[in-house]
Amino acid sequence: MAPVSINQLPEDTLLELLTHVPARQLLRNCRLVCTLWRDVIDSVTLWKRKSLQDGFITKDWDEPVADWKIFYFLCSLRRNLLLNPCAEEDLRFWRIDSNGGDEWKVESLPGDLGTDLPDPKVKKYFVTSYNMCLKSQLVDLKAEGYWEELLDTFRPDIVVKDWFAARADCGCSYHLRVHLTSADYIVLASFEPPPVVIHQWNDAKWTEVSYTFSNYPPGVRHILFQHGGHDTQFWAGWYGPRVTNSSIVVSHKMMSPDSGSPTTTQPEDEAGGR
């Protein structure tokens with residue numbers, strides 16, 4: 001019996017086979033085999049199936065998606081880009097920008113005259129002192145796997161969150177600054193709300209801050225996240241704002257590319273990561 005070429009298989013069978021190939025191999029290798037494979041790999045159906053197969057969507061998914069291939073990659077890359085957000089590794093991965101008073105410290109929840117965070121998985125927090133304490137991380141989006149064309153053409157939403165609280169017996173001032181910058185660190189978009197001042201004798205409850213960057217200018221390559229503050233009583237020790245559970249997540253939600261413009265974007269070489 002004469003051997004059968006894989007291209008003689010029904011197209012749906014070929015599509016099902018290719019669905020099980022790793023996404024980057026599909027674009028870097030399989031897509032170059034022939035026109036038939038290219039067309040199958042570029043199809044909406046393939047990337048919908050891969051998204052369902054990997055648990056990124058359910059069968060009854062009804063949200064609009066601008067580009068299913070980009071949606072798949074954004075879902076596969078989705079994670080918190082901040083390292084050590086909950087102080088489990090002391091101050092590792094954080095750059096100390098200001099270390100006033102008795103400097104930054106790590107404590108366990110709920111802490112003296114404090115409360116537990118709503119998320120029971122979070123066990124620790126960072127705490128500031130009587131002069132300004134600020135710490136930051138700089139996220140390199142290309143090193144985290146986001147290639148330039150994806151960032152500039154689709155500009156996926158970037159969701160930033162932080163949690164802060166005061167001690168019940170001491171007032172404090174909480175500060176947050178987030179910048180989206182270019183490759184040479186020019187600020188293209190920013191979120192820098194006014195400092196939050198909490199008065200003495202408060203309920204010590206944790207507050208979540210959340211902000212979503214959407215439709216930002218092209219050229220974003222880094223994200224600077226900085227937070228901290230100081231107490232307002234100027235007491236020796238650690239009576240300033242407490243912070244924990246910070247996050248930066250690149251969402252699957254994206255801009256629609258210009259109508260009529262084909263999208264051939266594909267991942268660059270594997271990122272080294274941080």
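The secondary structure of the protein comprises six helices and 11 strands. Helices (H or I, at least four residues) and strands (E, at least two) are DSSP runs, numbered from the N terminus. The radius of gyration is 23 Å, well over the 19 Å that the globule rule gives for 274 residues, so the protein is more spread out than a compact globule. This radius is taken over C-alpha atoms, and the globule rule is 2.2 Å times the number of residues to the power 0.38. The model is predicted: local features need pLDDT of at least 70, side-chain atom pairs count only at pLDDT 80 or more, and totals for chains, interfaces and linings use all residues. Residues are numbered from 1 along each chain as its sequence is written, and side-chain values use heavy atoms, with hydrogens and water left out.

The C-alpha trace spans about 85 × 35 × 30 Å along its principal axes. Of the 274 residues, 46% are buried (under 20% relative accessible area, 1.4 Å probe, protein chains only). Among contacts (heavy atoms within 4.5 Å) with a separation of 6 or more, 79% are between residues 24 or more positions apart. The accessible surface comes to about 13,700 Å², by the Shrake-Rupley method with a 1.4 Å probe. Carbon and sulfur atoms hold 51% of that surface.

Strand β6 covers residues 172–181, and eight of its 10 residues are buried. β6 pairs with strand β10 (residues 222–231) in the antiparallel sense over 10 bridges; pairing requires at least two DSSP bridges between two strands. In this pairing S173 stands opposite H230 of β10. Three bridges join β6 to strand β8 (residues 196–198), again antiparallel. There, C172 has I198 as its bridge partner. Strand β7 (residues 187–191) is joined to β6 by four bridges, also antiparallel. L180 stands opposite A189 in β7. Five residues lie between the strands in the β6 and β7 hairpin, where Y185 takes a positive phi near 70°.

Strand β11 (residues 242–250) is likewise mostly covered, with eight of its nine residues buried. Strand β5 (residues 158–165) pairs with β11 in the antiparallel sense over seven bridges. K161 stands opposite S247 of β11. Strand β3 (residues 124–127) also pairs with β11, antiparallel, over two bridges. The bridge partner of F126 in β11 is V243.

Technical notes:
Buried < 20%, exposed > 50% of the residue type's maximum accessible area, 1.4 Å probe, protein only.
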